Amino acid sequence: MSDIWEGLVQAFLLVVRLDAELIEITLRSLQVTLTALVVATAIALPLGALLAVRRFRYRRLTIAVLNALMGLPPVVVGLIVYILLSRSGPFGVFGLLFTPTAMIIAQVIIIVPLIASIAHQALRELWAEYHDLLISLNTTKTQRMRAILWDSRRALLTAALAGFGRAIGEVGAIMIVGGNIDHSTRVLTTAIALETGKGDFALALGLGFVLITMAILVNLSIHALGRTETEGRW
Amino acid sequence: MSGLLPLTVHDAVVRRRGKTLVGPVNLTIDGTGTTIVIGPNGAGKTTLLKMMHGLERLRSGTVRWAAPDAEARKQQAFVSQTPVVLRRTVRENLTYPLKLSRVPAAEARRIAGDWAARVGLSDMLDRRAEVLSGGERQKLALARAMVRDPKVLFLDEPCASLDGRSTREIEEILSAVAAAGTRIIMSTHDMGQARRLASEVAFILHGRVHEFAEAPGFFEQPATAQARAFLNGDIVE
Amino acid sequence: MIQVFIGLLAAVTLAATAAADQMRMAVTTSFHNSGLSDILLPAIRDDLGLEVQLLVVGTGQALRLGAAGDVDAILVHSRKAEDAFLAEGHGTHRREIMYNDFVLVGPSEDSAGIGDVASAADALQRIARARQPFVSRGDDSGTHKKELSLWAAAGQDAGSFGSWYRAVGAGMGQALNTASAMHAYTMSDRASWLNFGNRGDLALLYAGDPVLFNQYAYIPVNPDKHGHVKFDLATKLETWLVSDRARTLIDTYRINGETLFVFNATGG
């Protein structure tokens, strides 16, 4: 128990001192994860809508694969991305290994199935409701996808937040592809792993509390954005 | 002017899970006025309307408009029995079909405002459509169906859950719309409403058109025993 | 919208963080945990204008990173593996830089009685005889390989040990955490042990046998195999690592008043 208390004290000290290193890795965590989130939602939401609206041959298989991929261990993703991006791998020429870009790629792969699956659930329900109307209005497939995406945006926000949560707390994959390099690819989670390895539980816990606080703040601010919209326009 | 009618239904059949829901149906709809589809519950009224509108896949036969398919789809509208409202404001519900047809935003707003006024939803334009009552939803769905000024309007039991006042309002709108030249094809099980609105009647039984006739004649002198029984309020099996 | 904006912002800032001279070096956890890198890296930056990015991994992974050309140089401590690495042509040459030593730690009551033995082999034999819990790295790292060679030298077959021998498959810090929680013996490099913050009941029980010395060597990755590696920077770094400046920093580095490393590079 005293460890947890020390962790809280450490977190508090880190924050009030505006520890330069803490700010750096916190911002990098946000940069990497938010970029990954933007890319992942840009892939996952249309994919979810496509799966809801279109009936194609391997649709069920795709959905099953997506659901299965949600449980994919990040370490495996990290290893695969590592092998692909390694200098001796197929994409080695780009020199992306051990850069934030590599971490973003890994996180995108990890959260796309999650976001797409959650989005698909919501979109499928709305599509069942809208089906006759949108077909009657003589909409194109793209217009249908756009309509259900727009009208289920609050559910999709939840899907995106779930993706954010998984990405921001992820350590296995980004440790492998990022390398946890100081001042370059170190983020909150890999720093926590590092401090735990050194047996500095207080600092590790402190960083953990900072991570939790940051995740809560991001969630709250995004929800607050949703709510202002509710009051203003809805 | 329309170029859409006549609508010719030829040996059309809709089957689902091995069961024939409708058909084979042979039917021609032309001219002006209102075709009322009546028949006992489960006779296939809804499926018939959806089939003519193109929401049901045909097992066999054809549903053919005088205009090419792509043109024909744009000039029809459909109001279902439990109206679907988009999870948006009333105004956005009304402008959505116009947006799809690339009507300029200002023009779309004006048309939406006009139709909201006609169905009595003017002061609810900025309300979320989900919070509307059943009657208000029905009026919204009707207005939304009308904003693109369709040549043919399908309605499935548009007043099934409405009180007298709302029913009267809707009937007035439908009469005006029909008078303005929109061809209406609508199902109902309110025989009073059928008599008030119909210019011709399709009596449906077991998924087939059992009798198809001009309205005054049908109500006075139905040709078949089943139609007579139905009009008398007897149970028709 | 806002997400897109933040995303763009992030992408822009990420692109803007490139320094003048950069190279990547894979080092072992034990080296990094010692804290010596925090002394050496700033000095290297000041002296050479060179930013060395450290990839802190086990020896096994460090060698793989070098073989794949994903780093420009490696600094490891496992002679056999290093020789194999060179034999396969992955590195240009091997340069010894410094050594530290391994220590045996365990629960302070020391029920196996290794505190007063004459040799490391003797200590390990006593642990095996007493069947006291022993935590092994089990991760194919340099430290793990060293531990296995010590068991072999003590006439023990680590493969046949019972459940008291726990291979945790983790880094040094994690292994120490585990040993602390299980009241187990383990072998650690001295630096990791001194810097370790969660000792609990653990104590340093045995050290000093020359077989426990741990030689660190620097190997630049072969530019003939990987044209993109920064061999010139790696050479520059090597020259610095064997210089008197490095000797002073390494020899005077202390934790709790204890010297950790002994500089032994030649021909600087």
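The model is predicted. Chain A has 10 helices and 0 strands, chain B holds an open sheet of 6 strands, and chain C is divided into two parts, domain 1 and domain 2.

**Chain A: overall fold**

- The secondary structure of chain A consists of 10 helices, with 0 strands, and its pattern along the sequence reads α-α-α-α-α-α-α-α-α-α.
- Taken along the principal axes, the C-alpha atoms of chain A fill a box of roughly 65 × 50 × 30 Å.
- Of the 234 residues in chain A, 47% are buried.
- Among contacts in chain A with a separation of 6 or more, 78% join residues 24 or more positions apart.

**Chain B: the sheet**

- The open sheet of chain B runs in the order E5-E6-E7-E3-E8-E9, and its pairing is mixed.
- Strand E5 (76-79) and strand E9 (208-214) of chain B are the edge strands, each pairing on one side only.
- From one strand to the next, the twist of this sheet averages 15 degrees.
- Strands of a sheet pair through backbone hydrogen bonds, in either a parallel or an antiparallel sense.
- Strand E3 (residues 34-38) and strand E8 (residues 200-205) of chain B pair in the parallel sense, over 4 bridges.
- Val37(B) stands opposite Ala202(B), which belongs to E8(B).

**Chain C: two domains**

- Domain 1 of chain C covers 2-99 + 215-263, and domain 2 of chain C covers 101-212.
- The C-alpha centres of domain 1 and domain 2 of chain C lie 27 Å apart.
- Their contact takes 17 residues from domain 1 of chain C and 15 residues from domain 2 of chain C.
- On the domain 1 side, helix H2 (29-33) and helix H4 (59-68) of chain C are the elements that give two or more residues.
- H2(C) provides the largest share of that side, with 3 residues.
- By class, the side of domain 1 that touches domain 2 of chain C has 4 nonpolar, 12 polar and 1 charged residues.

**Chain C against chain A**

- The contact between these chains takes 30 residues from chain C and 23 residues from chain A.
- Helix H1 (2-15), H2, strand E2 (50-57) and helix H8 (172-182) of chain C each supply at least two residues of the side that touches chain A.
- H1(C) gives the most to this side, with 9 residues.
- The side of chain C that touches chain A comprises, by class, 12 nonpolar, 16 polar and 2 charged residues.

Conventions. Residues numbered from 1 in each chain as written. Chains lettered and ligands numbered in written order. Predicted model: local features only at pLDDT ≥ 70, side-chain atom pairs only at ≥ 80, totals over all residues. Domains from an automatic or database assignment. Contact = placed C-beta atoms within 7 Å. Nonpolar A, V, L, I, M, F, W, Y, C, P; charged D, E, K, R; others polar. Pairing = 2+ DSSP bridges. Axes fitted to C-alpha atoms, helices over the stretch in contact; angles between N-to-C directions. Buried ≥ 20, exposed ≤ 12 C-beta atoms within 10 Å, placed from the backbone.
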